[in-house]
Each structure stands twice: as C-alpha cells, then as structure tokens.
Amino acid sequence: MLQSWIDGKEPANMGNEQNIALIKFVNEINMSPFAAGISAKDSLTTIDKFWEEMRNRQGSLMKIRNDKHSKKEGILKVIDETICQITKEVERLSSKKKAEHWKVDNMNRILSPSDIGRHNMLEEGSNYYFIDFEYSGLDDLAKLMADWMYSPNAIQRCHRYECIQKVCETRIGRNKHWQKRLYDIKMLTNCKWIEIMTRKWANQ
C-alpha cells in the first residue's frame with residue numbers, strides 16, 4: 001500500500017469518479033470514534049466569526065492596494081471590485097444572522113481535511129489517496145463544501161449539484177441546514193480565494 005501511495009500521481013481533473021472518492025473519504029473519517037479534536041484552520045463556527053475573517057481579508061486587500069506593486073498588471077481593479085464585493089456580501093449576510101440555519105445547534109460540525117482538491121490527492125490505478133492534513137480539524141460542512149467547490153482547484157461546474165446530492169446521501173449530510181449556509185457564503189468564499197491568490201502574487 002505504501003508503494004502505491006508513493007507511485008501515485010495527482011489526478012488530471014476532478015471528475016465524477018474523483019468527487020465520489022473524496023465524498024466517501026470524508027464520510028468514512030467521520031464514522032471513526034476519533035472524529036473529534038481541535039478546530040480546522042479558519043473554521044466556520046458562527047456567522048460573526050465568518051464576518052471577522054472576511055473583514056480581515058478585506059483589510060489584507062486594502063494593504064496590498066496601497067503597495068506600489070499593486071498598480072501593475074491591472075490588479076488594482078480586481079482588488080477594488082473584491083473589496084466592494086466583500087462589503088456588499090457581509091451586509092447581505094447580516095440579515096441572515098437570526099435565520100434557523102445559522103443557529104449554533106444546526107451547524108454541521110464534522111472532521112474536515114480542510115484543504116481538499118486534486119492538488120492533495122494521489123491517483124494510483126483505481127485507488128485514490130489523500131495527503132496534506134496540515135489545516136484539518138473540526139469544521140462546518142458548508143465551509144468544507146464551499147472551499148471545495150469554489151477554490152481555484154475546484155471541481156467542474158457541471159458536477160457541483162451532483163456532488164451536493166451525493167453528500168446529502170451520506171451520514172454527514174443529513175442535516176440539510178448546511179445547504180443554505182453554503183448558498184449564503186458562496187460569494188464570500190470566491191472573494192476569499194481572490195484575496196489568497198492576490199496575497200501570493202504580492203509576496204512574489
């Protein structure tokens with residue numbers, strides 16, 4: 001098994017087969033009696049904590065904007081649009097604070113690999129292995145799905161709905177409140193990934 005893991009390579013894309021393997025993996029690790037522990041990095045625990053994280057990312061973009069290097073390659077327009085989008089989405093999300101699906105008792109706390117996608121998968125024959133659990137821990141299912149579906153290494157758009165349906169069929173997806181939270185944080189998750197990529201660009 002170890003040799004198979006070593007010989008594995010990153011999947012060429014995130015098709016239906018790879019998505020099902022990932023869903024199965026996440027569900028199985030949550031069946032374990034050891035599915036508990038510390039929170040994942042930047043975990044989604046409350047709507048207030050999520051706002052705070054996004055405000056911090058907005059501040060990061062403002063800092064990059066004021067740097068002289070941000071004037072290059074049209075990056076300034078992207079930064080300005082993302083800053084405005086974060087403000088707009090946080091205001092929209094504030095109206096959901098008392099919604100049923102944001103109540104603490106309705107949060108789907110699961111054991112999450114956190115940083116998921118084909119960049120942390122190895123394919124060897126018909127088997128898939130998962131690596132790099134540096135940011136793993138307890139997190140909300142909606143956050144895991146948002147990071148998975150809307151990251152630069154995202155699954156193909158045509159597979160998104162099918163993946164949501166597959167997760168709903170598992171034990172971890174039975175509490176359907178997570179689907180509404182996923183919709184609520186979609187745009188802010190896109191903004192988060194723009195901030196991450198912009199910060200990496202600025203640090204080059």
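Contact means heavy atoms within 4.5 Å. The model shown in these views is predicted: local features need pLDDT of at least 70, side-chain atom pairs count only at pLDDT 80 or more, and totals for chains, interfaces and linings use all residues. Residues are numbered from 1 along each chain as its sequence is written, and side-chain values use heavy atoms, with hydrogens and water left out.

**Figure 1. Ser-60 and its partners.**
Ser-60 sits in helix 3. Helices (H or I, at least four residues) and strands (E, at least two) are DSSP runs, numbered from the N terminus. Leaving aside residues up to four places away in sequence, Ser-60 touches Glu-195 and Arg-199. Ser-60 and Ile-196 are 136 residues apart in sequence, yet their C-alpha atoms are 9.4 Å apart in space. Ser-60 is buried, at 18% relative accessible area. Buried means under 20% relative accessible area, exposed over 50%, and partly exposed in between (1.4 Å probe, protein chains only).

**Figure 2. Overview of the chain.**
The chain has seven helices and four strands. From the N terminus on, the order is α-α-α-α-β-β-β-β-α-α-α. Of the 204 residues in the chain, 45% are buried. Among contacts between residues at least 6 apart in sequence, 79% join residues at least 24 apart.

**Figure 3. Helix 3 and what covers it.**
Helix 3 covers residues 47-65, a run of 19 residues. The expected span of a helix is 1.5 Å times one less than its number of residues. For helix 3 that gives 27 Å, and the end C-alpha atoms are 27 Å apart, which agrees. The buried residues of helix 3 include Ile-47, Phe-50, Trp-51, Met-54, Leu-61 and Ile-64. Glu-53, Arg-57 and Gln-58 are also among them. An α-helix has 3.6 residues a turn, so residues three or four places apart point the same way. Helix 4 (75-94) and helix 7 (177-202) are among the elements that cover the buried residues of helix 3.

A salt bridge is a side-chain nitrogen of Lys or Arg within 4 Å of a carboxyl oxygen of Asp or Glu. The structure holds 14 of them. One joins Asp-48 to Lys-97, with the closest N and O atoms 3.2 Å apart. Asp-48 lies in helix 3 and Lys-97 in the loop between helix 4 and strand 1 (109-112), so the pair ties together parts 49 residues apart in sequence. Asp-48 is partly exposed at 35% relative accessibility. Lys-97 is partly exposed as well, at 40%.

Lys-103 and Glu-100 meet through their side chains in a salt bridge of 3.0 Å, N to O. Lys-103 is partly exposed, at 41% relative accessibility. Glu-100 is partly exposed, at 44%. Asp-139 bridges to Lys-143, with the closest N and O atoms 3.6 Å apart. Here Asp-139 is buried at 1% relative accessibility, and Lys-143 is buried at 3%. Elsewhere, salt bridges with shared partners join Asp-42, Glu-53, Arg-57, Glu-195 and Arg-199 into one network.

**Figure 6**
A pair of aromatic rings is described by the distance of the centres and the angle of the planes. Rings of Phe, Tyr and Trp (its six-membered ring) pair if their centres lie within 6.5 Å; planes under 30 degrees apart count as stacked, over 60 as edge-to-face and the rest as tilted. The count comes to two aromatic pairs. Phe-25 and Phe-130 are stacked, at 4.3 Å centre to centre with 15° between the planes. The pair links distant parts of the chain, 105 residues apart: Phe-25 in helix 2 (residues 16-29) and Phe-130 in strand 3 (residues 127-130). Phe-25 is buried at 19% relative accessible area, and Phe-130 is buried at 15%. Ring pairs link Phe-25, Phe-130 and Phe-133 into a cluster.

Two strands pair if DSSP finds at least two bridges between them. Strand 2 (residues 121-124) pairs with strand 3 in the antiparallel sense, over four bridges. Tyr-128 in strand 3 is the bridge partner of Glu-123.

**Figure 4. Cysteines.**
A disulfide is a pair of cysteine sulfur atoms within 2.5 Å. A search of the whole structure finds zero. Cys-84 is exposed, at 56% relative accessible area. Cys-163 is buried, at 3%.
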